[in-house]
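My notes follow the structure.

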Amino acid sequence: MMKLHRPWWSVLPLRAVLLCALLVLNHPVYGDDEIPADVESTLTDDAELYVTPKVDASRLYFAEHFDDLFEDVEKRWTKSKATKDDAAEEVAKYDGEWSVEQPQRPILSNDFGLVLKSKAKHAAISSRLNRPFTFDTKPLVVQYEVNLQEGQECGGSYIKLLSAGDGTKDLKNFHDKTPYTIMFGPDKCGNDVKLHFIFRHVNPVNGTITEKHCNKQKDRLDDPFKDKRPHLYQLIVRPDNTYTINVDHKTINEGSLLTSFTPPVNPPAEIDDPEDRKPQNWDDREKIADPDATKPDDWNEDEPAQIADPKASKPSGWLDDVEEMVPDSTAVKPADWDNDMDGEWEPPLIPNPLCEKAVGCGLWKAPMIANPNYKGKWRPPLIANVNYQGKWAPRKIPNPDFFEDLTPFRMTPIAAVGIELWSMSNDILFDNILISDDVAVADEWAAQTFDLKVRTLDRQAQTLWDRAMRYINYKPAYWTAYFVYCSIPLIAYVWFLWSRRDKEETVVSRVLKYCNSNPWMWAVLVVVVGLPVALLLYFVCFAKADAKAEVGRRKKMEDSPPAAAEQEDEEVKRDAEMSPSAQRATGSPGGGLSNAEGEDEQDEEDDEAEEENEQEVEAGPEEVARDEEASSSDAPIDSKFVEGGEGVKKRKARKD
């Protein structure tokens, strides 16, 4: 086959297409409002400004953010040095590796978490509460985040609230048998997915301890084990014995400590008498075989279920003397065949060629049909048992271990938080562990941590490539498989055209010629080529950025540069000194914008903007200055008061 020499410019279209694809995939994708050049230069991967959460210590029993432990995790946490009693020596040690680090895919700057680095090893770590939690008149609120960065196939990511007592005096001895009050968190192995809520109940009569397992939730939790995103788990146990389990602020399970656990907290008042035995003459058969029935005389149990069809006849042309299988005449005995070891060689059998043209060959047999005389083995019919006494059951006696605990909420006090795991997945990240008696405190903590992460992850990616990678969990190998799959029909078609090429024709002319002779090929080209191009143009031209991401970017720009803040302070003070009439004349009430040459711009604004400007004018210079002073204070600010912005109300940008 003669080699086809292509001119040097024939590869330019391919190179141009690849270059355009790279530019498009890495082109920033924003919403309808384009971000200015000076703002774009300061954008980072963090759409939200993260600050280590600060909550009044008197309002909580434990709060751990791990942000200041990246150099020494054992400053506040104790790694276990214990060994398991019921395990082989090589796997009995708690030698799992713990580390404080940022997630594999950083979400917020300077946000760290506790990561289990090793897999298929026992790992345990614990930390003491600020003060023991006593189950009295206030609810227990437990909350923490988990990010399964490598997914999860078999293992847990739960925490244990360790009981106060001798078991928590030395946390270096923390192991699987250390007494705990509550175990809470997700667990999975294979197809078995659980969200544990287990509490250890103390029998008020004899002091024995029994684990009570919460009934399974209705909805199956699959996403937290495979989406590789942080998830927030919250448990609320109230003094009225009710509980609520929330995942990502959504209630997935709730119930009562008295009725929603297995085994139940309170045992039954009566139990079966273990000494009672069923009498020997007790007849519990509802029906018996009729003793008076006899087998009919014409009942033949030897009749087969199927017989040869007596009406069938051998077709004409049937070759009785021809074998169905004959030796292969073309077969050759292998050269290495040894008759002494392999036996006498015989050629393999093949279907007889004579039978292919005939109706059939070989021994003819009539087809089998159901035997009309077949009745099977005879059995007497069943009749009601006149001696039936009912189903026997042992008599009930009072339960000697009966008790009634109407306040199972009053559990053993909690002294420490522990994580004791064995998992087949590594890089399990724990973060923002909190124990409190106030749900509002937990929600405030989540607003400063988890909610920021969710807003950052849910914002629209800055480039089409980042957005696509997020959808496939940042696994480029999936794109390779997708590309190969989509390339198979295109390669096959190109090869087909190449095999039928004419040296005097070009590739384009051959394609057009083939498509003209086969009109259906135009539809194939539209689907194969037009659909990916249409999708690409849609994502580039019509994709809208998330509104929350836009707010996060602008908020960070307004908060972070000190020069911009000082310039805004000067504008506020200058506008405060002006009279309300002057502010309206300049078009900058309360610190509005004006052009560089000092010319007044008369722009029409909507009713909402006018009301906002009038309120800022009526506030006066003193209130504006006081708000500015409050916004620049270094004192801690409650997140629920600063969620909308800084101390001074943000002004709307005027329309050009």
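I started with the accessibility classes: buried means under 20% relative accessible area, exposed means over 50%, and partly exposed lies in between. I also noted that this is a predicted model.

**Entry 1**

I applied the classes to cysteine 189. Its relative accessibility is 42%, so cysteine 189 counts as partly exposed. Next I looked up its bonding. Cysteine 189 is joined by a disulfide to cysteine 154, with 2.2 Å from S to S. I then placed both ends on the chain. Cysteine 154 sits in strand β7 (residues 154-156), and cysteine 189 sits in strand β9 (residues 180-189). The two are 35 residues apart, so I logged a link between distant parts of the chain. The angle about the S-S bond is -80°, and I noted this link as left-handed.

How many disulfides does the structure hold? I found 2. The other one I looked up joins cysteine 355 and cysteine 361, whose sulfur atoms are 1.8 Å apart. This link is right-handed, with 105° about the S-S bond.

Are cysteine 355 and cysteine 361 buried or exposed? Cysteine 355 has a relative accessible area of 17%, which is under 20%, so I put it down as buried. Cysteine 361 is buried too, at 5%. I also checked cysteine 214, and it is buried at 15%.

I numbered the bonded cysteines in sequence order. The pairing reads 1-2, 3-4.

**Entry 2: cavities**

A probe the size of a water molecule, rolled over the atoms, shows where empty space is left. I counted 2 cavities of 30 Å³ or more.

The largest cavity has a volume of about 50 Å³. Which residues line it? I listed Pro103, Ile107, Asp111, Glu145, Val146, Asn147, Pro230, Leu429, Asp431 and Lys453. Strands β6 (140-148) and β25 (428-436) are the elements that each give two or more residues to this lining. The largest share, 3 residues, comes from β6. By class I noted 5 nonpolar, 1 polar and 4 charged residues.

The second largest cavity holds about 40 Å³ of space. Its lining is Val146, Leu148, Ser157, Pro186, Pro224, Phe225, His231 and Tyr233. Here β6 and β12 (231-237) are the elements giving two or more residues. This lining has 6 nonpolar and 2 polar residues, and no charged ones.

How values were computed:
Residues numbered from 1 in each chain as written. Predicted model: local features only at pLDDT ≥ 70, side-chain atom pairs only at ≥ 80, totals over all residues. Heavy atoms only, no water. 1 Å grid on protein atoms, 1.4 Å probe; cavity = no way out; pocket = protein on both sides within 12 Å on 5 of 7 lines; lining within 4 Å. Points joined across faces, edges and corners; volume = space filled by probe spheres on them. Helix = DSSP H or I, 4+ residues; strand = E, 2+ residues; numbered from the N terminus. Nonpolar A, V, L, I, M, F, W, Y, C, P; charged D, E, K, R; others polar. Disulfide = S-S within 2.5 Å. Buried < 20%, exposed > 50% of the residue type's maximum accessible area, 1.4 Å probe, protein only.
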